[in-house]
Amino acid sequence: MHRQYQDGDSAWKTHFMIKRGLFYIGILISVGFVSSAFEPYDTKTKSWLYVDDNEVYYCDYPSKYPSDYNYLSQPYTGKYFLGFKEAIAYKESRGMYKLVNSLGYLGKYQFGTSALRTLGVHNNASFLNDPALQEKAFVALLQVNKHKLKKEIDKYQGTIVGGVRVTESGILAAAHLGGAGSVKKFLNSNGTKRCKDAFGTSIKHYMREFGGYQTDHIIADSMAKVK
């Protein structure tokens, strides 16, 4: 019986050693395979890695000019002007150019008829079917509101009013929602007069949500028209 126990123990040890050896061999093979994936390219055979001395490359983005993005399928937004436009458009209409809401506001940026007439647009149907015209109208309205609110922008920009940090883009967005007069009331009352639109959205909400965007290139112009 003692001899049989020794023979069984020896066989078990041999089997254990074989399994352990196979385990370590498997690890070495795996490490070698993974390591090979990190071997550097032979750059001498990769001509596409090199830039010819006569080639010139430009990096133009991000840009504050929306026209620079016209040909891009996925434009950069961020806090640049394009981001400002698209953020407001999404809030107003989900970006739909042909949307007319229950109160008769039109297009991607939900213009009222009176505002369009002020900007020189007299045909609502043509306006709805012309995306380029809607984009121009949005910028023109910003120019008009920037002129109307120039004193407020200079006075309140960078301050806290009603718990909101005031920025130029926030003021212009709030004016798009409720008009320049409502923005003046909110700011000059130190935030106590909380004007809202017909759907209950407040000037304060727009001023906070759309603050900090780049709108400094918008030129104040009381007579801005859509051309």
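User: Why does Asn-190 count as exposed?

Analyst: Its relative accessibility is 52%. The label exposed needs over 50%, buried means under 20%, and partly exposed covers the range in between (1.4 Å probe, protein chains only). Asn-190 is over the 50% mark, so it counts as exposed. Asn-190 lies in the loop between H8 and H9. Its phi is positive, about 60°, although it is not a glycine.

User: What do these values rest on, and how are residues numbered?

Analyst: The model is predicted: local features need pLDDT of at least 70, and side-chain atom pairs count only at pLDDT 80 or more, while totals for chains, interfaces and linings use all residues. Residues are numbered from 1 along each chain as its sequence is written, and side-chain values use heavy atoms, with hydrogens and water left out.

User: How do you know which class Tyr-80 belongs to?

Analyst: Tyr-80 has a relative accessible area of 26%, so it is partly exposed. Tyr-80 is found in the loop between helix H1 (2–36) and H2. Its C-alpha atom is 7.9 Å from that of Thr-215, though the two are 135 residues apart along the chain.

User: What makes Phe-111 buried?

Analyst: A relative accessibility of 2%. That is under the cut-off for buried, so the label holds. Phe-111 sits in the loop between H2 and H3. Contact means heavy atoms within 4.5 Å. Beyond neighbours within four places in sequence, Phe-111 is in contact with several residues, including Leu-116, Phe-127, Phe-138, Leu-141 and His-176. Phe-111 and His-176 are 65 residues apart in sequence, with 8.7 Å between their C-alpha atoms.

User: What makes a group of residues a nonpolar core, and which members touch the most others in the largest one?

Analyst: The members must be buried Ala, Val, Leu, Ile, Met, Phe, Trp, Tyr or Cys residues, joined through side-chain atoms within 4.5 Å. The largest such core has 43 residues, and Phe-84, Phe-111, Val-183, Leu-187 and Met-207 touch the most other members. Helices supplying at least two residues each include H2 (81–93), H5 (131–148), H7 (168–178), H8 (180–188) and H9 (203–209). H5 gives the largest share, seven residues. Met-207 shows the links: apart from neighbours within four places in sequence, its contacts include Val-164, Ile-171, Ala-174, Val-183 and Leu-187.

User: Why is the ring pair of Tyr-109 and Phe-138 called stacked?

Analyst: Rings of Phe, Tyr and Trp (its six-membered ring) pair if their centres lie within 6.5 Å; planes under 30 degrees apart count as stacked, over 60 as edge-to-face and the rest as tilted. By this rule there are six aromatic pairs. Tyr-109 and Phe-138 are 4.2 Å apart, centre to centre, with 20° between the planes. Tyr-109 is in the loop between H2 and helix H3 (113–118), Phe-138 is in helix H5, and 29 residues separate them. Tyr-109 and Phe-138 are both buried.

User: How do you know how to class Tyr-206 and Phe-210?

Analyst: Their ring centres are 4.9 Å apart and their planes stand at 70°, so this pair is edge-to-face. Both residues are buried.

User: What makes Arg-94 a charge over a ring?

Analyst: The rule asks for NZ of Lys or CZ of Arg within 6 Å of the ring centre and within 35 degrees of the ring normal. Arg-94 lies over the face of Tyr-90, 4.5 Å from the ring centre. Lys-79 lies over the face of Tyr-213, at 4.1 Å. Arg-94 itself counts as exposed because its relative accessibility is 52%. Arg-94 belongs to the loop between H2 and H3.

User: Why are H5 and H7 called roughly perpendicular?

Analyst: Axes are lines fitted to C-alpha atoms, for helices over the stretch in contact, and angles run from 0 to 180 degrees between N-to-C directions. Under 35 degrees is roughly parallel, over 145 roughly antiparallel, 65 to 115 roughly perpendicular, and the rest oblique. The H5 and H7 axes come within 10 Å and cross at roughly 110°. The two helices are therefore roughly perpendicular. Among the residues that meet are Phe-138 and Leu-141 in H5, and Leu-172 and His-176 in H7.

User: What counts as a helix or strand, and how many are there?

Analyst: They are DSSP runs, numbered from the N terminus: helices are H or I with at least four residues, strands E with at least two. The protein has nine helices and two strands.
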